[in-house]
Amino acid sequence: MSLLKARFDAQVEWEAFNNPQKPQILIGRATCGEASGAKDVYQAVLDTISRLPIDADVHITGCLGTCYCEPLVDIIKPGMPRISYHSMIAEKVLPLLSDYLLNDNPRADWALGAWGQTCGDIPNLFDIPMLAQQKRIALRNIGVIDPQNFNHCLARGGYSGLERALGLTPDEVIDEIEKSGLRGRGGAGFPTGHKWRLCRNAKGDSKYIVCNADEGDPGAFMDRALLESDPHAVLEGILIGAYAIGANNGVIYIRAEYPLAIKRLTIAIEQLKNNGLLGEHILDTDFAFDLTIVQGAGAFVCGEGTAMIASIEGKRGTPRPRPPFSTESGLWGKPTNINNVETWACVSAIMAKGAQQFSSLGTGKSKGTKTFSLAGKIKRTGLIEVPMGISLQEIIFGIGGGIPNNKAFKAVQTGGPTGGCIPESKLLLPVDFEALIEAGSYMGSGGMVVLDEDNCMVEIARYFLSFTVAESCGKCIPCRLGTRQLLTILTEITQGNGNVSDFDTLYELGKSIRLSSLCGLGQGAPNPVLTTLAYFREEYESHIKEHRCQAGECRSLVSYTITAERCKGCGICLRQCPVSAIKGEKGHSHVIDSAKCTSCGNCLEVCPPRFGAVCRV
Amino acid sequence: MPATIWRGLSGVDTMNQTVNITIDGKTIKAPAGATVLEAALGAGIYIPNLCYHPDLSASGNCRLCIVQIHGMRGFPTACTTSVVEGMSVNTNGDELTGVRRNNLQLIIANHPLDCLSCFKNQRCELQRVAVFMGVKEGKLRSTVSPQVTDDTNPFFRLKRDYCILCGRCTRTCDEICGVNAIEMLHRGDATHVGVFGDKMLFESNCHSCGECVEHCPVGALAPHEPVVPDVETKTTCCYCATGCSIYLGVSDGKIKTVRGNREGQVNHGQLCVKGRYGISEFVQHPDRLRTPYIRDKEGLQPATWDDALSLVARKLATFSADEVAIVPSARTTNEDVYVAQKLARAVIGTNNVDNCARL
């Protein structure tokens, strides 16, 4: 079965969708949208068009990446460009639809942007600061298409990469991937083409492809958004990889905490089967491939290749020593090629558009683009894709819009719990695999958590360590007991019980854990400690020597008092105190009972700035 | 498995081929397929290790046998790295020893230090490593937290406080016994050895063979009443006809311990629950027959072997061959059973032979 006719039909549908006879309404319904109320908005849209004299089609789409202003609603009105509206709530649906669709007022005040052009007061969507500097390859379709509509995918060039690959020999496909300079997007950055060749050349009667969708870093959601918004980009990459290495079976290992992604993947796989893209004789060739979804049970360590294979095989998810590498002996002892979700999405783009276009972006050793999830203390949180080599400054202050509430930037944590904290002095660092490692962190899968002056770096290190202590598989000594030891020391420091010798212990132990752990989880686990020690040593010193936490985050080290002269006795803090530690008559200055106070800081938050009576010491 | 067979990573006996490698400047011949640790130990070079055991597959989790190998990144573990012709290994070095020492300190910080009252004192492998590395005291904060002791098994207990999670017991239960009663449960900090559903050993499919106890390097898995015997005598297990070679440990004239003989060709050191924990009870049981008895009109009377055997011979002679069947006791060795069937077939002339060694 060729895709020729299907693609032609799809293009007709896509054309009609974008230049419609009647309004088309799209609601962004990935998990981020759902979490901020897209379901209610969707229902409100359905209710409104049934009540008003509006004849419109309602669709869903994925996540555009602008998570800071979800839920998004897009409207394509006949004769008008597609316009995206941000921060939609159910109450805004009726006025929006009646103003725009019935009265020709496009409500520029609620619009995020118009697609591809300005429209009156509405800016071009692709010129808004969040999107202007992005270059979307892996994320080419997110928020654009209906992820459950196979025709949208086809019309946007889906599976043209596979068609091209099947016209080449497997070795030529691998050549193309090698030429693109693509490196694994899961964190380690191993050259993808080289890995494929190792797997292709490995001896074995059957081979496996595994897609690693076990995204588990706190603050990372790239894979989830991609799978929910454009599953076919990933599936096409997997098919291309399977053809190149000679695999007939594939597994998508995805965490069970991603139910929506699993649902959309399942639908997409069904669509592949119905269109002759899975099973025997794919696109009338001799290439046969089958794909199954395996759900992970929530262990972070199962994102590590050998642990993942153990988990798929039904064993306890622990890493094993390498060699042998998975490319020689992986799933069921057969040569297995594992790549991450984003890598697969890049593969399909490379095959569709050619290696040259991909490798023209990026730096010397890090080609193409990389997706990041911006989270933490940043104005515009969301999912972005930028060319490698862009500076952290441009990402955080350009795309992300800087730090909210006029606070000062302190650090950015990249690479998840096994990454490191990069300080302001390194903000001009170009984002590529080598530069981040040199700074003591690493690329990881692309989580980026921004920290401001209110974050205590010792506490941040302690937080990430508590994650690795819980998520270590427990197999090897340095990871299981080393992270426990580091956490014990850090906890004592945040409680004011550290001592000066802890500097050496943290450093020595951190180095040991990095050098002797069995897998990447343990080897990276000390990074949050080592980088904060290197870049924020003075914070550790003030905790240990002065028993003081500058950021005021370590509760044992801060206390709150009320300055009697400034307190007007308004009673706000008294009412807000969760443990009733504040006493005082209305109109008279209040006092905090330090024996009862838990140093939560609520009183400081709520004391009206014009009084400024509560202070932290 | 006899120590003379090199298991190696491939598990294949490659004794016939050797490779030349250098360890700490000393050139040695090692069997192809052996690991660096096996090669070093075979050549008398000790590399600290805890999770390694010659009976078991390599696991690489204690991270004490880390070495430097020319041309390889970082510190690979000697127990998981196969020897290659021309390989140059360094087992010492400041940074390497420092990392190994830190790993040892981490174990010590997580282990009760009441060695004097521990039954494994002076036979403890953790002590041996600490002595070898000259570590006299713990330098880190104690991370010991009280854990549940499982003493529901009739013969041994699992005292998790002492467990270093080397995984030798779980691999033993899997690879030697094929029972898989115990496994590592949970993860991270909460990892512990346990049985299905985190229940007690008594409620599991554990056969109580005690192989895990034998393979535990520390005092975590221990018999309920640990005894160090005065003398040990090599003999053959009399519980069934398999013929396992054992050492009976005797104190105060009584059998106190049973230990498998690793040189024994039948069992390679392994024992079942009956051999390991059943012998002393049944051998020393007051009800055990210590002499033949002959029944007369007044009941059973103690007799000599000569009288008893003569009586049996006389009576057997009164039957035709196929009226006789010989059923040797389950407590006889394979060789004795062989002789008994010879008696049946060659002397008496019957094929009516059976044996109940199906315990």
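D150(B) stands opposite L158(B), a residue of strand β6(B). The model shown in these views is predicted.

**View 1. A three-stranded open sheet in chain B.** The strands run in the order β5-β6-β9, and their pairing is antiparallel. Strand β5(B) pairs with β6(B), which spans residues 156–159, over two bridges in the antiparallel sense. At the edges stand β5 (149–150) and β9 (221–223) of chain B. Each edge strand has a single partner, so one side of each is left without a neighbour in the sheet. In general, the strands of a sheet pair through backbone hydrogen bonds, in either a parallel or an antiparallel sense.

**View 2. A four-stranded open sheet in chain A.** Here the order is β8-β7-β6-β9, and the pairing is parallel. The edge strands β8 (290–296) and β9 (336–340) of chain A each pair on one side only. From one strand to the next, the twist averages 20 degrees. Strand β7(A), residues 249–255, pairs with β8(A) in the parallel sense over seven bridges. Within this pairing, V251(A) has T292(A) of β8(A) as its bridge partner. Helix α14(A), residues 341–353, packs on the sheet and touches β6 (208–213) and β9 of chain A. The direction of α14(A) makes about 95 degrees with that of β9(A).

**View 3. Two helices of chain A in contact.** The axes of α18(A) (residues 457–471) and α22(A) (residues 527–535) come within 8 Å and cross at roughly 170 degrees. Angles over 145 degrees count as roughly antiparallel, and α18(A) and α22(A) are therefore roughly antiparallel to each other. From α18(A), the contact is made by M457(A), A461(A), F464(A) and L465(A). The residues on the α22(A) side are P528(A), V529(A) and T532(A). By type, the residues of this contact divide into six nonpolar, one polar and no charged.

**View 4. The interface between chain B and chain A.** In this view, 30 residues of chain B are in contact with 33 residues of chain A. The area buried between the two chains is about 2,700 Å², and carbon and sulfur atoms give 54% of that area. On the chain B side, L106(B), R141(B) and R187(B) lose the most area to chain A, together 28% of what that side buries.

**View 5. The domains of chain B.** The domain assignment gives domain 1 (18–132), domain 2 (149–223), domain 3 (235–283) and domain 4 (319–359). Between the C-alpha centres of domain 1 and domain 4 of chain B, the distance is 52 Å.

How values were computed
Residues are numbered from 1 along each chain as its sequence is written. Chains are lettered from A and ligands numbered from 1 in the order in which they are written. This is a predicted model: local features need pLDDT of at least 70, side-chain atom pairs count only at pLDDT 80 or more; totals for chains, interfaces and linings use all residues. Side-chain values use heavy atoms; hydrogens and water are left out. Axes are lines fitted to C-alpha atoms, for helices over the stretch in contact, and angles run from 0 to 180 degrees between N-to-C directions. Angles under 35 degrees count as roughly parallel, over 145 as roughly antiparallel, 65 to 115 as roughly perpendicular and the rest as oblique. Contact means heavy atoms within 4.5 Å. Ala, Val, Leu, Ile, Met, Phe, Trp, Tyr, Cys and Pro count as nonpolar, Asp, Glu, Lys and Arg as charged, and the others, Gly among them, as polar. Two strands pair if DSSP finds at least two bridges between them. Domain bounds come from an automatic or database domain assignment. Buried area is the accessible area (1.4 Å probe) that two parts lose on being put together, summed over both.
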